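Subject: The structure, plus notes

Hi,

Here is the structure I promised to pass on.

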Amino acid sequence: MYQSASASMTIFVIGVNHKTAPVQLRERVAFTPERLQQALQETRLLTAESLILSTCNRTELYIVVLYPDQIKAVTQWFAHFHGIAIHELKPYLYTYETEQAVQHTLRVACGLDSLILGEPQILGQLKDALKTAHQAQTTGNQLNRLLQHAFTTAKKVRTQTNIGANPVSVAFAAVSLAKQIFSHFERQTALLVGAGETIELVGKHLVANNIGNVIIANRSVNKAQALAEQFQGTAIPLTAIADYLPKADIVISSTAAPLPIIGKGMVERALKQRKHRPIFMVDIAVPRDIEPEVSELDDIYLYTVDDLQSVIEENLQSRREAASQAEEMVITEVNTFAEWLRAQQHMQLIRHYRQQNDLIRQEVLSKAKHMLDNQHPADEVLDYLAHTLTNKLTHAPTQALNQAARFGDYAQLEYARKLFNLTDRD
């Protein structure tokens with residue numbers, strides 16, 4: 001583990017993200033889990049502290065260096081490690097220093113710099129990155145403090161704003177709408193039509209909300225079975241939908257079928273068997289999987305992908321408003337961390353002052369002990385100790401005050417008054 005940063009050490013963030021680089025380049029500079037430890041060990045030769053964050057949307061190096069010109073060496077290493085020419089990487093690269101680096105770190109942790117505004121996954125990814133850097137022993141006082149401050153700030157933003165309160169993905173929006181219809185998910189059965197990424201995400205959200213039963217219908221029963229196993233559900237072919245539809249309280253469909261899979265007549269028959277208990281239906285597919293006429297039926301709540309987009313946009317606007325509040329909170333927290341940084345930068349001065357006074361103490365104490373060894377009276381030794389120690393400790397400040405008074409430096413005199421807690425006396 002590196003020692004605490006000294007006065008001249010500086011925090012930097014170097015990286016690329018979804019705003020600055022296309023996916024083709026982001027893929028090339030991503031650090032795989034297998035090579036991450038190796039990369040961190042190599043950064044130890046170039047930095048005082050380091051941490052690497054690598055996700056599908058960003059790759060960033062959080063580093064502390066002794067000299068700012070070390071950034072050039074780190075950037076060249078970054079390109080070389082991934083086999084990319086430096087001139088090819090530079091146009092997509094951003095570099096933040098000191099307070100800008102702190103602000104960027106806090107914004108990343110809060111989801112303010114994410115592709116999906118306010119998404120919470122990045123916070124967990126940052127925590128994993130810190131854990132990995134701890135294992136590699138590449139973090140120290142500054143990065144540890146910065147990341148902990150970022151985590152605390154993210155928690156404040158999540159609890160004090162609505163930035164993460166509303167869904168902004170199609171799958172999440174569909175499940176959230178379903179929850180508005182059914183208050184007890186554990187009693188409901190969901191029929192998911194399709195076996196693609198969107199349906200898988202819908203299933204995950206449903207399970208996270210304690211859905212009672214999940215049925216997966218797909219043209220390929222093997223794919224349906226593989227997905228159903230994740231959710232402890234049932235797999236069926238598309239041809240069996242009519243048989244299972246009466247059991248379904250929630251139907252969410254997303255296939256690539258060219259024609260509707262669920263027609264009005266099929267739904268009418270299902271409603272009769274259900275004795276008109278309502279069915280919530282979401283058709284995410286384009287072209288549609290559910291005939292539009294189904295929406296004309298009583299006890300059917302049918303939403304299309306366009307309906308969800310309006311929900312998502314409304315929720316995004318809500319997040320944008322919350323993000324404005326979050327940005328103000330971030331600025332406040334950046335200032336708080338900057339104060340700590342400035343204090344760290346002057347700690348060396350404080351340590352030097354204390355060490356200097358301790359040397360004086362040791363010198364005077366040594367002479368006092370020598371006097372005692374030579375049979376000097378104790379009162380004389382104590383008088384010498386107090387008098388000499390006082391004179392030596394006040395010598396330099398007294399000289400500075402005399403010089404300030406001689407040249408009329410009233411600002412320094414007033415500062416000294418505060419520094420030494422002096423009061424006017426007659």
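Some ground rules come before the details. This is a predicted model, so local features need pLDDT of at least 70 and side-chain atom pairs count only at pLDDT 80 or more, while totals for chains, interfaces and linings use all residues. Residues are numbered from 1 along each chain as its sequence is written, and side-chain values use heavy atoms, with hydrogens and water left out.

**Pockets**

First, what I mean by a pocket: on a 1 Å grid over the protein atoms alone, it is an open set of points where a 1.4 Å probe fits, with protein on both sides within 12 Å along at least five of seven lines; a lining residue has an atom within 4 Å of a point. Grid points are joined across faces, edges and corners, and the volume is the space filled by probe spheres set on the points.

The largest pocket comes out at about 770 Å³. Its lining has 26 residues, and Ile116, Glu119, Gln121, Ser169 and Leu201 lie nearest the centre. Helix 6, helix 8 (170-181) and helix 9 (197-208) each give at least two lining residues, with helix 9 providing the largest share, 6 residues. (Helices are DSSP runs of H or I with at least four residues, strands are E runs of at least two, and both are numbered from the N terminus.) Sorted by class, this lining has 10 nonpolar, 10 polar and 6 charged residues. Here Ala, Val, Leu, Ile, Met, Phe, Trp, Tyr, Cys and Pro count as nonpolar, Asp, Glu, Lys and Arg as charged, and the others, Gly among them, as polar.

The second largest pocket has a volume of about 440 Å³. Of the 14 residues lining this second pocket, Tyr353, Pro397, Tyr415, Leu419 and Phe420 are nearest its centre. Two or more lining residues come from each of helix 14 (347-373), helix 15 (378-406) and helix 16 (410-419), and helix 14 has the largest share with 5.

**Salt bridges**

I count a salt bridge when a side-chain nitrogen of Lys or Arg is within 4 Å of a carboxyl oxygen of Asp or Glu. The whole structure has 17 of them.

Have a look at Arg58 and Asp113, whose side chains form a salt bridge at 2.9 Å, N to O. This pair links distant parts of the chain: Arg58 is in strand 3 (residues 58-65), while Asp113 sits 55 residues apart from it in the loop between helix 5 (99-109) and helix 6. Asp113 also makes a salt bridge with Arg107, at 3.5 Å. Arg58 and Asp113 are both buried, and so is Arg107. (Buried is under 20% relative accessible area, exposed over 50%, partly exposed in between, using a 1.4 Å probe and protein chains only.)

Lys367 and Glu363 form another salt bridge, at 3.7 Å. They are about one helical turn apart, because 4 residues separate them in helix 14. Lys367 is partly exposed at 42%, and Glu363 is partly exposed at 34%. Elsewhere, salt bridges with shared partners tie Lys19, Arg58, Glu60, Arg107, Asp113 and Glu327 into one network.

**Cysteines**

How many disulfides does the structure hold? It holds 0, taking a disulfide as two cysteine sulfur atoms within 2.5 Å. For Cys56, the nearest cysteine sulfur is that of Cys110, 19 Å away. Cys56 is exposed, at 61% relative accessibility, whereas Cys110 is buried at 1%.

**Single residues**

Thr139 is in the loop between helix 6 (121-136) and helix 7 (141-160). Thr139 is buried, at 0% relative accessible area, and its side chain makes a 3.0 Å polar contact with that of Asn144. A polar contact is a pair of N or O atoms within 3.5 Å; within protein, one must be able to donate a hydrogen and the other to accept it, and residues adjacent in sequence count only if both atoms are side-chain atoms.

Asn210 is not a glycine, yet has a positive phi of about 65°. You'll find Asn210 in the loop between helix 9 and strand 6 (213-218), exposed at 53%. Asp299, also not a glycine, has a positive phi of about 70°. Asp299 lies in the loop between strand 9 (279-283) and strand 10 (300-304) and is partly exposed at 30%.

Cheers
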